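Subject: Structure handover and notes

Dear colleague,

Please find below the structure for your files. My notes on it come after the sequence and coordinates.

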Amino acid sequence: MSATHKVQVNVGSLADMGKRFSKAWNQAAAGEQVDETNVTFHDVQTMLDTLSPRRLDLLRHVRQHGASNVRELALALARDYKNVHQDVAVLEATGLLIRDGRKLSAPWDELHANVSLLPPLNPLPTS
């Protein structure tokens, strides 16, 4: 049975992200295998906007079928090319969608979301 490839989606501060990085660094330095992927959003609304139902459908489709390019993906999803191109750009920027040349992949079997109810230690300034 093969291992499940998971991505952990977090809502938290830079300090939270730093703690995860530091923990993984220390595990690797101790010779332990570190096999985890984390994506961190600074607020819940950004996470929800990024992981909209259409974008989740796009990720599922790419996970199951792959995509040679954005045009092929737009046709397969029966969606406007411009909108799919924008969704691909957002998901690629977060690291949830991987591009190799023009080919797109979503190597995750599962996406787990984690939202902390504790106040951030070092809140980011809002603009």
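The notes go from the whole chain to single residues.

This is a predicted model, in which local features need pLDDT of at least 70 and side-chain atom pairs count only at pLDDT 80 or more, while totals for chains, interfaces and linings use all residues. Residues are numbered from 1 along each chain as its sequence is written, and side-chain values use heavy atoms, with hydrogens and water left out.

Overall layout

The protein chain has five helices and five strands. Helices (H or I, at least four residues) and strands (E, at least two) are DSSP runs, numbered from the N terminus. Along the sequence their order is β-α-β-α-α-α-α-β-β-β. Of the 127 residues, 28% count as buried. Here buried means under 20% relative accessible area, exposed means over 50%, and partly exposed is in between (1.4 Å probe, protein chains only).

The chain exposes about 8,600 Å², of which carbon and sulfur atoms supply 53%. Accessible areas come from the Shrake-Rupley method with a 1.4 Å probe, and for residues only the protein chains shown count as cover. Among contacts with a separation of 6 or more, 69% are between residues 24 or more positions apart; a contact means heavy atoms within 4.5 Å.

Salt bridges

The whole structure has five salt bridges, each defined as a side-chain nitrogen of Lys or Arg within 4 Å of a carboxyl oxygen of Asp or Glu. Three of the pairs involve helix α3, which covers residues 53–65.

One of them joins the side chains of Asp87 and Arg55, at 2.9 Å from N to O. Asp87 lies in helix α5 (residues 81–94) and Arg55 in helix α3, so this pair ties together parts that are 32 residues apart in sequence. Asp87 and Arg55 are both buried. Together with Arg79, they are linked in a network of salt bridges.

Another salt bridge is formed by the side chains of Arg63 and Asp109, with an N to O distance of 2.3 Å. This pair links distant parts of the chain, 46 residues apart: Arg63 is in helix α3, and Asp109 is in the loop between β4 (103–105) and β5 (110–115). Arg63 is partly exposed at 35% relative accessibility, and Asp109 is partly exposed at 37%.

Arg60 and Asp57 also meet through their side chains in a salt bridge, at 3.1 Å from N to O. Both are in helix α3, three residues apart, so about one helical turn separates them. Arg60 has a relative accessible area of 47%, which makes it partly exposed; Asp57, at 42%, is partly exposed as well.

His61 in helix α3

His61 is another residue of helix α3. Its relative accessibility is 17%, so it counts as buried. Leaving aside residues up to four places away in sequence, His61 touches Gly66, Leu73, Ala76 and Leu77.

Val11 is in strand β1 (residues 6–11) and counts as buried at 11% relative accessibility. With residues up to four places away in sequence left out, Val11 touches Phe41, His42, Asp43, Val44, Met47, Asn114, Val115 and Ser116.

Val115 is in strand β5 and is partly exposed, at 37% relative accessibility.

Other local features

Arg71 lies over the face of Tyr81, 4.5 Å from the ring centre. A charge sits over a ring if NZ of Lys or CZ of Arg is within 6 Å of the ring centre and within 35 degrees of the ring normal.

Ala78 is not a glycine, yet has a positive phi of about 55°. Ala78 is in the loop between α4 (70–77) and α5 and is exposed, with a relative accessible area of 69%.

Regards
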